[in-house]
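Colleague: I would like to go through this model with you, one point at a time. Could you keep each answer to the value or name I ask for?

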Amino acid sequence: MTVTTSSDANGNVSAATARASERAAEHAEAAQLQPVTFAKALNTALADALEASDDVVLFGEDIGTLGGVFRITDGLTDRFGEHRCFDTPLAESGIAGMAAGMAMNGMRPVIEMQFDAFAYPALEQIFSHIAKMHNRTRGGLKMPIVIRIPYAGGIGGVEHHCDSSESYYAHTPGLKVYAPATVADAYRMLREAIDSDDPVVFFEPKKLYWSKDRLDLDALRASYDDGAPASRSEGKAVIAREGSDATLVAYGPSVPTALAAAAAAAEEGRSIEVVDLRTIVPLDDATITASVRKTGRAVVVAETPGFASVASELVARIQERCFHSLAAPVLRVTGFDVPFPAPKLEEFFLPSVDRILDAVDELQWEG
Amino acid sequence: MGTPPIGADAREEDRAAYLDETARKFGISVEDYLLPTDGSIRILDETGALRPVGEQGTAPGHEYPLPEAGDLLEAYEALVVGRRVNDQNSALVRQGRMAVYPSSHGQEACQVAAALCLGADDWMFPTYRDSVAVMTKGIDPVETMTLFRGDWHGGYDPKKYKVGIQSTPLTTQLLHGVGVAHAAKLRGEDTVVLAMCGDGATSEGDFHEALNFAAVFKLPVVFFVQNNQYAISVPLAHQTAAPSLAHKAVGYGMAGERVDGNDLVALLAVLRRAVRLARDGHGPLLVEAHTYRMQAHTNADDATRYRQDAEVQEWLAKDPVTRMRAYLRSESVLDDAGEARIAEAAEAMATRLRDGLNEDVAPDPEDLFRYVFTEPTTQLQEQRARLVDELARDAATETEGTR
C-alpha cells in the first residue's frame with residue numbers, strides 16, 4: 001500500500017509555470033539578454049554564496065589558480081582569497097573527511113570531486129560519515145556540505161571520467177541528490193544546496209556545462225535572495241513540456257534528450273509530457289504520479305546503467321502508484337549494464353532520441 | 001619539463017622557512033626536529049622510580065619538564081577510575097547488559113593523558129577503544145556507553161563536549177579532526193585537536209591523507225597513535241616495515257615522537273608539549289605511545305590464538321597503574337587517605353555505570369526516521385506513517401488477545 005499526497009501539497013510546479021518561463025525566455029530574447037552558460041550560472045552561484053556567508057568555503061583539486069578543470073570556480077580565489085577557495089593535496093577521501101570536520105566546526109564546505117569516478121576513494125567518508133553524522137548524533141551535528149560532482153557522459157571522456165554514479169548516492173540514506181538540467185536551475189539549485197543543512201551530492205551534467213540559455217541572471221539572483229520558499233526546487237519536479245499521450249521522466253543530462261524526443265514525437269502527432277525531476281532525493285512522487293495518471297503511459301530516461309538503479313526505482317514507484325491508470329507497462333531507456341564505454345562507443349550507450357521514441361512506440365498504442 | 005606555475009618558487013621557500021624556523025627555535029637541525037628520539041621517552045622506570053634525566057630518552061630539542069605533583073595526582077585518580085571503568089564494562093558485557101566493549105585495560109595511561117593534555121576549547125577525536133579518554137574528558141559515562149549497549153550509534157553531543165563520536169571505521173576520524181582544526185584556523189581560533197588512532201589504523205589510506213593535509217595546511221593537530229601491538233590478531237611487524245610508527249610523520253614534514261605508553265608521567269609531558277607546540281603554530285605532530293592491550297580485541301575475540309602468555313605476563317609487569325602508584329607513594333604525593341578517596345571515586349563510577357546500564361530504556365521506533373535529514377522527506381514521512389500504523393494494529397491485536 002502506498003500513500004500519495006496531492007500535487008499541490010507537494011508544491012508541484014505546474015505547466016502554467018513552465019509556460020510562464022517560456023514567455024520569460026521569449027521576453028529575454030526580445031530584451032536582447034545575453035546567453036548565460038550552465039557553467040557561468042554555477043560560478044555565479046558559488047560567488048554569491050561566498051559573498052552571502054563567511055561560513056562558506058570551497059576546496060578541492062585544482063579549483064584555485066586553475067579555476068577547476070571545467071573552470072567552474074574560475075576567478076573565485078582571486079576575488080575571495082585562498083582561505084575561501086583553495087586547492088587541496090590530491091586526495092578525495094581527505095577532501096570529504098576534512099569537509100566533515102569543518103562542518104562539525106560550523107562551516108559550510110562546498111567540495112569539488114574532479115570527475116564522477118574520482119569520487120570513489122571518498123565514498124567511505126561520504127557514506128559512513130557525512131550521510132550518517134546527523135543520525136548518529138541524534139541531530140547534534142549537521143553536515144551542511146555540498147559535494148559537487150561533474151557527472152555523466154556526452155563529452156568523449158576516457159575511462160573513469162564519465163560515470164553515471166547517481167544511483168550509489170541515491171541509495172544511501174542521509175544524502176540529498178540534486179541533478180539540475182537547466183541554466184536557471186544550475187544557479188538556483190546550487191544556492192539551495194549550499195543553504196541546505198543536509199549534505200547534498202550535486203551532480204553537474206558535464207555535457208551541459210557549455211549549454212546556454214538567455215536569461216536575466218541578475219533577476220534570478222535577486223529572486224533567490226528574496227528567498228520565497230515556494231520557489232524552492234528541492235523535491236519539486238517541473239513539467240518541462242506539457243503533453244497528454246505519455247510521460248517521459250528524466251533528470252539532469254537526460255532532460256534535453258527527453259525534450260528533443262518529445263519535440264520529434266510531436267511531429268509524428270504524439271503529445272509527450274516531460275517531467276524534469278530536478279532532485280532525485282527527495283523525490284517528487286506527486287508530480288510524477290499526477291503526470292502519469294493523466295497520460296496513462298510512462299518511460300523513464302536516465303544515463304545510469306539500468307539494473308538496480310534510480311531508473312528502476314522510478315519505474316517501481318510509478319507501477320505502485322499509477323497501476324490503475326496505466327495503459328502500458330512502464331519502460332526504461334537507460335545506459336546498458338556495462339562499464340561506461342570508451343569515447344567512440346559512447347553513442348551506442350547513451351539514451352538517444354531514437355531509443356526514447358522506440359520505447360514510446362512500444363507503449364501498447366491501439367489502432 | 002614545463003614552466004613551473006606562477007608562485008611555485010615562493011611556496012617552496014615558504015615550506016622550507018616554516019620548518020627552518022621551528023628547528024631554529026630548538027637550536028637543532030630540521031631532521032633532528034622531525035625525527036623521533038632514538039627510543040621511547042620514558043620518565044619512570046618499570047618499578048615506578050624516576051629515571052635520571054640523561055636516561056629518559058630525551059635529546060636536544062626534545063626535552064621534557066616533569067609535570068607538577070598536583071597534575072600527576074589528578075592523572076592518577078583518572079587512571080584508577082579508568083581501570084575500574086574497563087573492568088566494570090567488561091563485566092557488564094558478560095552479564096548481557098552491553099552488546100560489546102572494546103576494553104583499553106592496560107592502555108589507561110594513554111587514555112587519561114589524552115584527555116588531560118587538552119584545554120577546554122580543544123577537540124578530541126577518539127576511536128571505539130577510547131571510552132576511558134572520552135569519560136575523562138568529562139562526558140557522562142552512561143552516554144559514552146550508548147553506542148556499545150546498542151541504544152544508538154552514538155551517545156553524546158560532540159559539539160557540547162568537543163569530542164567526536166566514537167566510530168568503528170578506522171582512521172576516518174583523523175580527517176574530521178583535521179577539518180575541525182582547519183575551520184578553527186580559518187576563524188583565527190587557537191583550538192588544538194587531538195586525533196587518536198591505533199597501530200593498525202596507520203595502514204589505512206585516511207591516516208596518510210590526514211597527516212598530509214594537516215602538514216600541508218600547517219594545522220594544530222596532534223596525532224596520537226596508541227600502538228598496542230595488535231590490530232585484532234595481526235602483530236605490528238605485519239602492519240609496517242617502518243622503524244617505528246612515529247617515523248611515519250617525517251615523510252609528511254611533521255615531527256614524530258615515541259613515548260612509553262604505560263608511563264603516565266612521560267605521556268603527560270610529551271602530549272602537553274605537543275599540544276603547546278601545535279597551539280604555538282608549529283603545525284601538526286605525531287606521538288606514538290608504546291603500550292599493550294591486555295585483554296582481547298573485544299569479547300568476541302580469542303587472544304590466546306595469536307599471542308603467547310609469556311608476552312602478556314611481560315607487559316603485566318609494566319602495568320601503568322602500579323607504576324604510577326609506586327612513584328606517587330615514593331614522592332609522598334599519595335598517601336593512604338588519598339588512595340581511599342580515589343578508590344571511593346572509582347567505586348562511585350562503577351556504580352554509576354551499573355545503575356545506568358541496568359536500566360532498561362525502551363527505544364522509540366519513530367526515532368528511526370527522526371534524524372535522517374534535518375527535515376524528513378515525503379518518502380520518510382510516508383514510511384513513518386506506515387510503521388506507526390503497523391504498531392497501532394499490533395497493539396490492538398495484543399489487547400484483543402488478552403480479553
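Colleague: What covers the buried residues of helix 10 of chain B?

Modeller: This is a predicted model, in which local features need pLDDT of at least 70, side-chain atom pairs count only at pLDDT 80 or more, and totals for chains, interfaces and linings use all residues. Residues are numbered from 1 along each chain as its sequence is written, chains are lettered from A and ligands numbered from 1 in the order written, and side-chain values use heavy atoms, without hydrogens and water. Buried means under 20% relative accessible area, exposed over 50%, and partly exposed in between (1.4 Å probe, protein chains only); among the buried residues of helix 10 are Phe207(B), Leu211(B) and Phe213(B). The cover includes helix 9 (172-186), strand 2 (193-198) and strand 3 (221-227) of chain B, together with, from chain A, helix 4 (92-104) and helix 5 (123-130).

Colleague: What span does helix 10 of chain B reach from its first C-alpha to its last?

Modeller: Helices (H or I, at least four residues) and strands (E, at least two) are DSSP runs, numbered from the N terminus. Helix 10 covers residues 205-216, twelve residues. At 1.5 Å times one less than its number of residues, 16 Å is expected, and the helix comes close to that with 17 Å.

Colleague: How many Å² do chain A and chain B bury between them?

Modeller: Buried area is the accessible area (1.4 Å probe) that two parts lose on being put together, summed over both. Of the area between these chains, 59% is on carbon and sulfur atoms, and Asn105(A), Arg136(A) and Arg138(A) supply 19% of what chain A buries against chain B. The total is about 3900 Å².

Colleague: Which residue of chain B forms a salt bridge with Arg138(A)?

Modeller: A salt bridge is a side-chain nitrogen of Lys or Arg within 4 Å of a carboxyl oxygen of Asp or Glu. There are two between chain A and chain B. For Arg138(A), the closest N and O atoms are 3.6 Å apart, and the partner is Asp367(B).

Colleague: Which element gives the most to the side of chain A that touches chain B?

Modeller: Elements giving two or more residues to that side include strand 3 (85-87), helix 6 (133-136) and helix 12 (310-322) of chain A. With ten residues, the most is given by helix 4 of chain A.

Colleague: Is Gly253(B) buried or partly exposed?

Modeller: Gly253(B) lies in the loop between strand 5 (234-235) and strand 6 (255-260) of chain B. Because its relative accessibility is 22%, Gly253(B) counts as partly exposed.

Conventions
Contact means heavy atoms within 4.5 Å.
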